[in-house]
Amino acid sequence: MLLRSLLLSSCLMSVTVGHGDIIEVHGSGTTNPSKCYWHIMDSIMDRAKVPTRMTYRAVGSSTGIKEFMGEESDDYAQLNHFSSGDISLDADQYKIISDTEDMLHLPVVLGAISLFHSIPNVPVG
């Protein structure tokens, strides 16, 4: 529940809505938490009191940052309201965004990790 609230709050902070408008929130980035993000977004859209459309494209951290930043040197337009990544913005990227727009940098840890180990002389099963 807390994650849903944080995600919704961070996405909708800069979105303004007029009467009859649809709130659109788009993001892209790392693939690991994408299914969880899609589930959260579906829940938010189902429960929203105003028409809401949310999307998340699992394209990788670097692409997500480029689409959020709108890096002209790589011919990326600023496409997203948010990005998610395994790596955070570096100091230069953070300065570029924070000098021109309000931005919330929200650390989220979400993902599964599996450990495997082979022990010699231990029977399988």
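User: By about how much of the helix are D99 and K95 separated in α4?

Analyst: D99 and K95 form a salt bridge with their closest N and O atoms 2.8 Å apart, where a salt bridge is a side-chain nitrogen of Lys or Arg within 4 Å of a carboxyl oxygen of Asp or Glu. This is a predicted model, in which local features need pLDDT of at least 70 and side-chain atom pairs count only at pLDDT 80 or more, while totals for chains, interfaces and linings use all residues. Residues are numbered from 1 along each chain as its sequence is written, and side-chain values use heavy atoms, with hydrogens and water left out. Because D99 and K95 are four residues apart in helix α4, the separation is about one helical turn.

User: Is D99 buried or exposed?

Analyst: The classes rest on relative accessible area, with buried under 20%, exposed over 50% and partly exposed in between (1.4 Å probe, protein chains only). At 53% relative accessibility, D99 counts as exposed.

User: How many residues apart in sequence are the parts that R53 and E24 tie together?

Analyst: R53 forms a salt bridge with E24, and their closest N and O atoms are 3.6 Å apart. Helices (H or I, at least four residues) and strands (E, at least two) are DSSP runs numbered from the N terminus. Since R53 lies in strand β2 (residues 52-58) and E24 in strand β1 (residues 23-29), the parts tied together are 29 residues apart.

User: Which class of accessibility does E67, the partner of R57 in a salt bridge, fall into?

Analyst: The side chains of R57 and E67 meet at 2.4 Å, N to O. R57 lies in strand β2 and E67 in helix α3 (residues 61-69), so the pair ties together parts that are 10 residues apart in sequence. R57 counts as partly exposed at 38% relative accessibility, whereas E67, at 6%, counts as buried.

User: What is the phi of N121, which is not a glycine?

Analyst: Most residues other than glycine have a negative phi. N121 lies in the segment after α4 and is exposed, with a relative accessible area of 81%. Although N121 is not a glycine, its phi is positive, at about 65°.

User: What is the relative accessible area of V108?

Analyst: V108 is placed in the segment after α4 (91-100), and together with L104, L106 and L110 it forms a nonpolar patch on the surface. V108 is partly exposed, with a relative accessible area of 35%.

Definitions and conventions. Patch = residues over 30% accessible without salt bridge, like charges linked within 9 Å, V, L, I, M, F, W, Y side chains within 5 Å. Areas by Shrake-Rupley, 256 points an atom, 1.4 Å probe, with all protein chains shown as cover.
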